[in-house]
Amino acid sequence: MNLIDEAKSVGYIARSTPKGVELITEIQRLKKEKNAVILAHYYVDGEIQELADYVGDSLGLSQAAEKTEADLIVFCGVHFMGETAKILNPSKKVVVPDFNAGCSLADSVPASEFAALKAAHPDAIVVSYINCSAEIKAMTDIICTSSNAVQIVESIPADREIIFAPDANLGRYVAHKTGRDLILWEGACMVHIDISLEKLAALKKEYPDALLIAHPECKEIILKEADFVGSTTALLKYVETSPNYTFIVATEAGIMHKMKQAVPHKHLIPAPANEQNTCACSECPYMKMNTLEKLYNALYYELPEINLEESIRVPAYKALKRMLEISQ
């Protein structure tokens, strides 16, 4: 099986690292040799975050992808993030460590069903959360992230109908903050909706001085209990600036790596999930598909590569560009 077929059938290059290769050293060498940039989301493992040229949330990563002068973009996150980088950089090569690193939220909105919703509301402005496929972005007027969703909706004239997709929890939060009636697609992130209210209540009893901070993809019942709601970057900034010492963090546990670096003197507790797991926290299995070995192979072989049809990329680019212009 040749390398391209392997990447397509397996989802990544499943070659063992050659003996004697020190992964971190080789990744750093290859990055320089190939004029590559490594972009990583806050939710991937800390060892990958340490190697990345830029670590951030979806908005920051989009801005970094648009500005990069690298020839090769290696995106450590999930599939739609690699697509976003390719939408913004059609002339650059974009690879991901594992093509199988999908997103439950992006998967919750099939293109054909979304097209039917649009057809039922032909005059509506479509605002789509960046956590969606390139096909959905191509059917969208303006993309948003959790950092700027309120700002994006507020930029739309009050007399215009708005479809908001695919995260209904974020949509309800935005509707509450803006006072706008939104037509919501009922999608959700499996990680954020699995945070346990019952276990949170027990934690708050154990740590009565802790502040609960939450990502707006969490269920409304969790957000109502939160002392602060914000994007991943906003949560990070909040623990840095708040005088409080103890925080319960209701989002994917990968953010704890940067938080602990930023405030090593503070007590950070990951919010517990309903699911029984080894970390007693909320983890995205897709984000954890990114490993050092797969990152090395993606850099070395420049596979698996993200490619998009121009009929999809061009309208998706327009929707992303509108977001970036509004968010400057």
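Let's start with valine 44, which has its place in the loop between E1 and H3. Those labels are DSSP runs numbered from the N terminus: helices are H or I with at least four residues, and strands are E with at least two. Is valine 44 buried or exposed? Valine 44 has 1% relative accessibility, so it counts as buried. Buried means under 20% relative accessible area, exposed means over 50%, and partly exposed lies in between, using a 1.4 Å probe and protein chains only.

A quick word on where this comes from. We are looking at a predicted model, where local features need pLDDT of at least 70 and side-chain atom pairs count only at pLDDT 80 or more, while totals for chains, interfaces and linings use all residues. Residues are numbered from 1 along each chain as its sequence is written, and side-chain values use heavy atoms, with hydrogens and water left out.

Back to valine 44. What does it touch, leaving aside neighbours within four places in sequence? Its contacts are Gln49, Cys76, Gly77, Met287, Lys288 and Asn290, where contact means heavy atoms within 4.5 Å.

Now please find helix H2, residues 23-33. Its buried residues are Leu23, Glu26, Ile27, Leu30 and Lys31. Looking down the axis of H2, these fall within an arc of 135°, so they line one face of the helix; the arc is that of the directions from the helix axis to the C-beta atoms. What do they pack against? Their partners are strand E1 (36-41), helix H3 (46-51) and helix H15 (292-301). Turned away from that buried side are the exposed residues Lys32 and Glu33. After H2 comes asparagine 35, with a positive phi near 50°.

Next, strand E7, residues 162-165. Ile162 and Phe164 point one way, Ile163 and Ala165 point the other way, and all are buried. E7 pairs in the parallel sense with strand E5 (residues 125-129) over four bridges; two strands pair if DSSP finds at least two bridges between them. Here valine 127 stands opposite phenylalanine 164. E7 also runs parallel to strand E8 (residues 182-184), joined by three bridges, and isoleucine 162 has leucine 182 as its bridge partner there. Together, E7, helix H10 (residues 168-178) and E8 make a right-handed β-α-β unit. Right-handed means that, with the strands pointing away from the viewer, the path from the first strand over the helix to the second runs clockwise.

Finally, the rings. How many aromatic pairs does the structure hold? There are five. Rings of Phe, Tyr and Trp (its six-membered ring) pair if their centres lie within 6.5 Å; planes under 30 degrees apart are stacked, over 60 edge-to-face, and the rest tilted. Phenylalanine 114 and tryptophan 185 have ring centres 6.0 Å apart and planes at 75°, so this pair is edge-to-face. The pair links distant parts of the chain, 71 residues apart: phenylalanine 114 is in helix H7 (residues 111-120), and tryptophan 185 is in the loop between E8 and helix H11 (197-206). Tyrosine 300 and tyrosine 301 are also edge-to-face, 4.8 Å centre to centre with 75° between the planes. Ring pairs also link Phe228, Tyr238 and Phe247 into a cluster.

One last stop: the charged end of lysine 294 sits over the ring of tyrosine 12, 4.3 Å from its centre. That label requires NZ of Lys or CZ of Arg within 6 Å of the ring centre and within 35 degrees of the ring normal.
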